[in-house]
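This report describes the fold, the nonpolar core and a few selected residues of one protein. The sequence and structure are shown first.

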Amino acid sequence: MKTELIFATNNIHKIDEIKPLLPIGINIISLDQLLFFEDIPETGNTLKENALQKARFIYNKFERNCFADDTGLEIDALSGRPGVYSARYAGEHCSFVDNVNKVLEEMKYENNRKARFRTVIALIYNDIEYFFEGVVEGEILLDYAGVVGFGYDPIFKPVNQLYSFAEMPLVEKNKISHRSIAAQKLVDFLK
């Protein structure tokens with residue numbers, strides 16, 4: 001049986017991470033395949049609220065099963081920031097580099113480098129809402145390390161790993177990442 005789900009994101013990096021995790025029979029429809037390029041509202045105060053807001057927006061527009069995720073980097077020394085504001089931490093219309101540089105500047109004199117990536121996936125399937133969460137613990141590096149991945153990957157090193165997410169091939173990152181943990185819970189549910 002084939003299951004089609006719209007992934008409510010315009011972030012091609014997220015689509016590239018999720019697609020290889022899904023088994024045969026689960027087909028992801030991207031927003032560009034639907035010729036939808038508008039910004040999706042993200043005004044929630046939590047990752048869960050944002051993920052659900054995005055999923056509801058696309059579900060109501062297309063009336064098809066869909067899911068959305070929201071991911072945040074939570075840094076202990078910054079009282080959990082950037083958290084829900086991770087994508088726009090350095091301001092509206094900022095780049096990934098702007099965000100990373102802001103974190104590095106704020107962490108310049110911090111000894112406590114503990115942090116975690118948290119992903120929440122909101123699925124709307126046959127008009128019922130479900131949630132799946134993935135968390136990976138790690139630390140903030142002193143500077144950029146690696147060039148693959150996106151977002152904060154160059155400055156985040158997971159616990160018990162030798163390399164940052166940006167130094168890992170996608171197949172390696174997908175074995176341990178916050179998004180892959182949440183996505184695996186989604187896949188298990190759909191099975």
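Helices (H or I, at least four residues) and strands (E, at least two) are taken as DSSP runs and numbered from the N terminus. The model is predicted, so local features need pLDDT of at least 70 and side-chain atom pairs count only at pLDDT 80 or more, while totals for chains, interfaces and linings use all residues. Residues are numbered from 1 along each chain as its sequence is written, and side-chain values use heavy atoms, with hydrogens and water left out.

**Overall architecture**

The protein contains 5 helices and 6 strands, arranged from the N terminus in the order β-α-β-α-β-α-β-β-β-α-α. Its C-alpha trace spans about 50 × 30 × 25 Å along the principal axes. The radius of gyration, taken over C-alpha atoms, is compared with a globule rule of 2.2 Å times the number of residues to the power 0.38. For 191 residues a compact globule would have a value near 16 Å, and the protein agrees with this, having 16 Å.

Contact means heavy atoms within 4.5 Å. Of the contacts with a separation of 6 or more, 56% are between residues 24 or more positions apart.

Accessible areas come from the Shrake-Rupley method with a 1.4 Å probe, and for residues only the protein chains shown count as cover. The accessible surface comes to about 9,800 Å², and 51% of this belongs to carbon and sulfur atoms. Buried means under 20% relative accessible area, exposed over 50%, and partly exposed in between (1.4 Å probe, protein chains only). By this criterion, 49% of the 191 residues count as buried.

**The largest nonpolar core**

A nonpolar core is a set of buried Ala, Val, Leu, Ile, Met, Phe, Trp, Tyr and Cys residues joined through side-chain atoms within 4.5 Å. In soluble globular proteins, nonpolar side chains tend to be buried together. The largest such core here has 18 residues, and those with the most contacts inside it are Ile6, Leu31, Ile40, Ala55, Ile58 and Cys66. Helix H2 (47-62), strand E3 (66-75) and strand E4 (114-125) each supply at least two residues of this core, and H2 gives the most, with 6 residues. Leaving aside neighbours within four places in sequence, Cys66 is in contact with Leu5, Ile6, Ala55, Ile58, Tyr59, Ala122, Leu123 and Ile124.

**Selected residues**

| Residue | Relative accessibility | Class |
|---|---|---|
| Lys54 | 5% | buried |
| Phe62 | 23% | partly exposed |
| Glu139 | 30% | partly exposed |
| Asn60 | 58% | exposed |

Lys54 belongs to helix H2. Not counting residues up to four places away in sequence, Lys54 touches Ala8, Lys14, Ile40, Pro41, Glu42, Ala68, Asp69 and Asp70.

Phe62 is also found in helix H2. Apart from neighbours within four places in sequence, Phe62 is in contact with Ile6, Leu34 and Phe36.

Asn60 and Asp127 are 67 residues apart in sequence and 9.9 Å apart in space, C-alpha to C-alpha.

Glu139 lies in strand E5 (residues 128-140). Beyond residues up to four places away in sequence, Glu139 touches Arg113, Ala115, Ile155, Phe156 and Lys157. The C-alpha atoms of Glu139 and Ala51, 88 residues apart along the chain, are separated by 25 Å.
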